Amino acid sequence: MLDNPMWLRDNCPCPDCRDPHSGQKFFQITDLPDDLAVGTVVERPDEVEVTWLPDGHRSVYRRDWLTAPAPVDHRSEAGKRLWAAADLAHAPEADWHAYLSVPGERVRVLEAVQRLGFALLRGVPVEEGRVLEVARSFGYVRETNYGQLFDVRVEPAPGNLAFTSRAIAPHTDNPYRDPVPTIQLLHCLANAAEGGDSGLVDGFHAAALLRAEDPEAFAVLTRTPVPFVYRDAQTELTAFRPLIDVDPLGHVREVRFNNRSFGTLRSPGAFYNAYRAFAKLLARPELMLTFRLGPGDCLIFDNTRLLHARTAFEQSGARHLQGAYADLDGLASTLAVLRRTAALDELEALFTGPGTGDYLGEPVTMAEHMLQAAALAEASGAPAHLVAAALLHDLGHLEGGAELMSGVDNRHSHTGAEVLGRWFGPEVTEPVRLHVAAKRYLCAVEPGYRARLSEASEFTLQVQGGPMSQEEAAVFAALPGAADAVAVRRWDDEAKVAGAPTPGFGHYRPLLARLLRR
Ligand code: OGA
Ligand code: ZN
Ligand code: ZN
């Protein structure tokens, strides 16, 4: 990292470089000096401080930021679970009312659309226009020349084969748009006709199979822009995109496949062999998940990945779907924010539930103790991750506190850190993990510290192994996170005042939200 000074400096987190509120950068990349170089480097257990040449700017980088793994693009195959029909024992589905009222259900459904490419909602009211409500539950309706929604039923003079009773082979919708609608919804209002069953094929899985079985054909499809066209009296749309679009890393990112709106490709060269190879692969029966939509079912799917199909149906029978388009970025955002809310709700429930129990013979409850520790951290001007660590340091006590007082080490700092690791990075979990060790450390190195411990703390010190030896203390002091753990420990020791007023858990929600893992 020190060998890439422009990158490192571009990522300086200091308040002169970024707005502390939004995190947005103040400077342009061209504002950095041409002869930018690392001057001095000070290594500390948790952070690295760089003083820059020639301007003397100082940047402090957290070690866990420096070593964080690169995030995965959730749009590319790298962020997906690819499937064939047999891989899906249960198609992802949920009841519409549960989806609306239970955040966890909504997370599950939206995660399925993101990871598997689809989900099925049951029990959406059988009324025209409800498909828009489904789209708005996670994002924004993409209005097109077909309107906000479109009716899929037999029409007298159809401008699209979807509006006849013919079978429709696996396809993606509207490949003639650029950008293409990335989500499609189909809400079934009636399906009383003989036939009219539905099918879904994972286009990313099919593309990955083609890459393995016929790499040359795969390469041709990624390199050939195909003209897709739609024309009617009011509309003329054209887009030139490949059937398989890969990102700059070579990962499949979009599949477009629609024989109905395929325009005329000039100078096709090797294209047709490759196109037929992919089409044959997509038609393998084992790839297609088949099912039947009933009234009230609403299918939500990734139109850049899944191909959808239907069998022919009887002209005379009643079949009516309403469709709409929306976009994956809105869904991903809704999902990320819901995950935040769900995590904070879970933590808050621990404070208002088990947290109201007694705290190890002290005159405060566990929740009061942790809220006091957080208030002390905040009052001392501690950075957000330490306020969070102080607030959450005894989470591991919420089960098993009594055990500790009966003389069994419940290793609560470790269990707490494990639980918190679901949501927070090491800047929060490590001080929590080490806050018991920090007590044993301070007893070894700080004269007078032990004598100030409360009676209960002195008792638990024995259970937890007593003061560290000088060797143990030296090892501890060198750990990343040791200084933070000591800071948390000092607030912990003070946070035992009966009736001390503190802000409630809600006060810390915005601070916690900013620290949640992405
Ligand atoms: C469509 C479509 C499928 C169906 O309208 O794009 O593919 O089941 N409809 O009618
Ligand atoms: Zn379609
Ligand atoms: Zn504590």
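1. Overall make-up. The chain has 20 helices and 17 strands. The model under review is a predicted one. Along the principal axes, the C-alpha atoms fill a box of roughly 90 × 60 × 40 Å. Of the 518 residues in the chain, 51% are buried. Among contacts with a separation of 6 or more, 73% are between residues 24 or more positions apart.

2. The zinc site. Which residues coordinate the zinc ion (ligand 2)? The donors are His171 through NE2, Asp173 through OD and His308 through NE2, at 2.1 Å. Along the chain, these donors follow the spacing H-x1-D-x134-H. Both His171 and Asp173 are buried.

3. The loop that holds Arg305. This residue is placed between strand E15 (298–302) and strand E16 (306–310). Is Arg305 buried or exposed? Arg305 has 0% relative accessibility and therefore counts as buried, since the cut-off for a buried residue is under 20%. Apart from neighbours within four places in sequence, the residues in contact with Arg305 include Lys80, Arg81, Leu82 and Trp83. The C-alpha atom of Arg305 is separated by 43 Å from that of Pro431, a residue 126 positions away along the chain.

4. Helices H4 and H9. Helix H4 (residues 103–115) packs with helix H9 (residues 328–352) at an angle of about 140°, and their axes are 10 Å apart. The crossing of H4 with H9 is left-handed. From H4, the residues in this contact are Pro103, Arg106, Val107, Leu110, Glu111, Val113 and Gln114; from H9, they are Leu331, Ala332, Thr334, Leu335, Leu338 and Arg339. By class, eight residues of the contact are nonpolar, two are polar and three are charged.

5. Helices H13 and H14. What is the angle between helix H13 (residues 412–420) and helix H14 (residues 426–433)? They pack at about 165°, with axes 8 Å apart. H13 and H14 are therefore roughly antiparallel to each other, because angles over 145 degrees are counted in that way. Their crossing is right-handed. On the H13 side, Ser413, His414, Gly416, Ala417, Glu418 and Leu420 take part, and they meet Thr429, Val432 and Arg433 in H14. The residues of this contact comprise three nonpolar, four polar and two charged.

6. Cis peptide bonds. Most peptide bonds are trans. A cis bond, however, joins Leu53 and Pro54, with omega about 0°. Pro54 belongs to the loop between strand E2 (47–53) and strand E3 (58–62). The bond from Asp178 to Pro179 is also cis, with omega near 5°. Pro179 lies in the loop between strand E7 (168–171) and strand E8 (183–191).

7. Positive phi angles. Most residues other than glycine have a negative phi. Asn174 is not a glycine, yet its phi is positive, at about 50°. Asn174 is located in the loop between E7 and E8 and, at 3% relative accessibility, counts as buried. Ser267, which is not a glycine either, also has a positive phi of about 50°. Ser267 is found in the loop between strand E13 (252–255) and helix H8 (271–282). With a relative accessible area of 73%, Ser267 is exposed.

How values were computed. Residues are numbered from 1 along each chain as its sequence is written. Chains are lettered from A and ligands numbered from 1 in the order in which they are written. This is a predicted model: local features need pLDDT of at least 70, side-chain atom pairs count only at pLDDT 80 or more; totals for chains, interfaces and linings use all residues. Side-chain values use heavy atoms; hydrogens and water are left out. Axes are lines fitted to C-alpha atoms, for helices over the stretch in contact, and angles run from 0 to 180 degrees between N-to-C directions. Helices (H or I, at least four residues) and strands (E, at least two) are DSSP runs, numbered from the N terminus. Angles under 35 degrees count as roughly parallel, over 145 as roughly antiparallel, 65 to 115 as roughly perpendicular and the rest as oblique. A crossing is left-handed if the near helix is turned anticlockwise from the far one by less than a right angle, and right-handed if clockwise. Contact means heavy atoms within 4.5 Å. Ala, Val, Leu, Ile, Met, Phe, Trp, Tyr, Cys and Pro count as nonpolar, Asp, Glu, Lys and Arg as charged, and the others, Gly among them, as polar. Donors are N, O and S atoms within 2.8 Å of the metal (3.2 Å for Na, K and Ca); water is not among the atoms, so sites may look incomplete. Buried means under 20% relative accessible area, exposed over 50%, partly exposed in between (1.4 Å probe, protein chains only).
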